[in-house]
Amino acid sequence: MKKILIVDDIEEYLNSLERVLSDEYIVLKARNLNEAKEKTKEGIDIAIVDIRLSETDMENKDGLIYLEWVKMNYPEIPVIMMSAYREFDLAVEALNLGAKYFLKKPISIKELKGTIKTLLKE
């Protein structure tokens, strides 16, 4: 089975996405930038990453830092970025940094699964 890494600072969101994806994929979870890097080093096929990895820090863009790190170190791993915030410039920045898709929260599970299948060529 393919491995998916979900990176989000909100535990409920991590668990929710894990529930809907774990029937088809091995799901790894990370709540911050350092955990995400460590899990990526274990070997993953795709990453789904929130732009802001801190609810309390509106300047936090650790998801974009992670995206840049993946593109430098593991360019073959496709990254899907997501955010609950309606900041168009962050979505554009994520795509310009190499994200394959940008999804707005709350995410449509049907759209997410379709995007994953497309990126993994299933």
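K29 is partly exposed, with a relative accessible area of 23%. The model is a predicted one. E18 is also partly exposed, at 26% relative accessible area. K29 and E18 form a salt bridge, and their closest N and O atoms are 3.1 Å apart. K29 sits in strand β2 and E18 in helix α1 (residues 11–21), so the contact ties together parts that are 11 residues apart in sequence.

Side chains of opposite charge can pair when their charged atoms come close. How many salt bridges does a search of the whole structure find? It finds seven. Three of these pairs are tabulated here.

| Salt bridge | Closest N and O atoms |
|---|---|
| K29 with E18 | 3.1 Å |
| K41 with E38 | 3.4 Å |
| D50 with K105 | 3.2 Å |

**K41 and E38.** Both residues belong to helix α2 (residues 33–41). They are three residues apart there, so about one helical turn separates them. K41 is partly exposed, at 48% relative accessibility. E38 is partly exposed too, with a relative accessible area of 47%.

**D50 and K105.** Are the residues of the D50 and K105 salt bridge buried or exposed? D50 is buried, and so is K105. Buried here stands for under 20% relative accessible area. D50 lies in strand β3, while K105 lies in the loop between β5 and α5. The pair therefore ties together parts that are 55 residues apart in sequence. Shared partners extend the arrangement: salt bridges join D8, D50 and K105 into one network.

**The sheet.** What is the strand order in the open sheet? Five strands run in the order β2-β1-β3-β4-β5, with parallel pairing. β2 (26–30) and β5 (101–104) are the edge strands, and each pairs on one side only. From one strand to the next, the twist averages 20°.

Strand β3 (residues 46–50) is joined to strand β4 (residues 79–83) by four bridges. These two strands run parallel. A47 stands opposite V79 in β4.

**Helices on the sheet.** Helix α3 (residues 62–73) lies across β1 (3–7), β3 and β4. The angle between α3 and β4 is about 175°. Helix α5 (residues 109–119) also packs on the sheet, where it touches β1, β3, β4 and β5. The direction of α5 makes about 170° with that of β5.

Terms used. Residues are numbered from 1 along each chain as its sequence is written. This is a predicted model: local features need pLDDT of at least 70, side-chain atom pairs count only at pLDDT 80 or more; totals for chains, interfaces and linings use all residues. Side-chain values use heavy atoms; hydrogens and water are left out. Two strands pair if DSSP finds at least two bridges between them. Axes are lines fitted to C-alpha atoms, for helices over the stretch in contact, and angles run from 0 to 180 degrees between N-to-C directions. Contact means heavy atoms within 4.5 Å. A salt bridge is a side-chain nitrogen of Lys or Arg within 4 Å of a carboxyl oxygen of Asp or Glu. Buried means under 20% relative accessible area, exposed over 50%, partly exposed in between (1.4 Å probe, protein chains only).
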